[in-house]
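Work through the exercises below with the sequence and the 3D view open. Each task is followed by a solution in steps.

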Amino acid sequence: MARHALHLLATVALLGLTGCGSTTTPVPPCCYQGDVTTTRLGTLPVRTEDGRTLPFAEAYPGFTPQQGLFTTPLPLNEMQPQDVIYGSLVPLVPLYDANGDGRLEKPELLVLYAREAARATGIRLAHLGGDTPVWAVSAPNADVGGLVTWVEARRDTMTPEGQAIFRDLERLGQDLRTRGSEGRDDKADAIWIR
């Protein structure tokens, strides 16, 4: 009996550690309302402002999905207008609100992250996708982690505007995680809105 209980406990622990799924399989978002493309990031073409369609690897040279059980997430999973106190992020909410609900959710934030990263590194990206723009993406955690890692490796060489966007996404993510404990200091942070 004790052996059976130990085996059951080990199985539950393993499922808990793996999240009941793979980090490399695209999983549709559970709560996002609107059109979403569920795919591996590396398979998405991108369209530049001059009308060229490039493979993802050309716009993001050196991009590789993260390996392993634990991957790096986006700095935040949702952004609501009242949360956006940093000046670099204010104009982005309406640009990336694909479903028009007034907030940015993970599939929209992933597009923001990918598009702004390319633009900050010199690729004048019009949109993800080829002939048909993709404005909401659900990708495997390994791909998300790979993109976050790709951005971090290039932050020092990004345009000042790009550096501000990614710095402020991190700050906002930290603000949202600490809300309810110590919380953010709206008066001190308001200086970032210009």
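**Exercise 1.** State which helix holds V151, and decide whether V151 is buried or exposed.

Solution. Step 1: V151 sits in helix α5, where helices (H or I, at least four residues) and strands (E, at least two) are DSSP runs, numbered from the N terminus. Step 2: the relative accessible area of V151 is 0%, so V151 is buried; buried means under 20% relative accessible area, exposed over 50%, and partly exposed in between (1.4 Å probe, protein chains only). Step 3: beyond its neighbours within four places in sequence, V151 is in contact with Y113, A117, M158 and F166, contact meaning heavy atoms within 4.5 Å. Step 4: V151 and F166 are 15 residues apart along the chain, and their C-alpha atoms are separated by 8.4 Å.

The model is predicted: local features need pLDDT of at least 70, side-chain atom pairs count only at pLDDT 80 or more, and totals for chains, interfaces and linings use all residues. Residues are numbered from 1 along each chain as its sequence is written, and side-chain values use heavy atoms, with hydrogens and water left out.

**Exercise 2.** Describe the surroundings of A118 and of Y96.

Solution. Step 1: A118 belongs to helix α4, residues 106-120, and is buried because its relative accessible area is 0%. Step 2: apart from neighbours within four places in sequence, A118 is in contact with Y60, I123 and L125. Step 3: Y60 lies 58 residues from A118 along the chain, with 6.9 Å between the two C-alpha atoms. Step 4: Y96 is in helix α3, residues 92-96, and its relative accessible area of 1% makes it buried. Step 5: not counting residues up to four places away, Y96 touches L104, E108, V111, L112, R115, E116 and W135. Step 6: for Y96 and E108, 12 residues apart in sequence, the C-alpha to C-alpha distance is 6.0 Å.

**Exercise 3.** Which residues line the largest cavity, and of what class are they?

Solution. Step 1: on a 1 Å grid over the protein atoms alone, a cavity is a set of points where a 1.4 Å probe fits but cannot get out, and lining residues have an atom within 4 Å of a point. Step 2: the count is 1 cavity of 30 Å³ or more, and the largest cavity holds about 30 Å³; grid points are joined across faces, edges and corners, and a volume is the space filled by probe spheres set on the points. Step 3: the lining consists of L74, P75, L76, L109, Y113 and L169. Step 4: 6 of the lining residues are nonpolar, with no polar and no charged ones.

**Exercise 4.** How many disulfides are there, and are C30 and C31 buried or exposed?

Solution. Step 1: with a disulfide taken as a pair of cysteine sulfur atoms within 2.5 Å, the count is 0. Step 2: C30 has a relative accessible area of 74% and is therefore exposed. Step 3: C31, at 52% relative accessibility, also counts as exposed.

Technical notes:
1 Å grid on protein atoms, 1.4 Å probe; cavity = no way out; pocket = protein on both sides within 12 Å on 5 of 7 lines; lining within 4 Å. Nonpolar A, V, L, I, M, F, W, Y, C, P; charged D, E, K, R; others polar.
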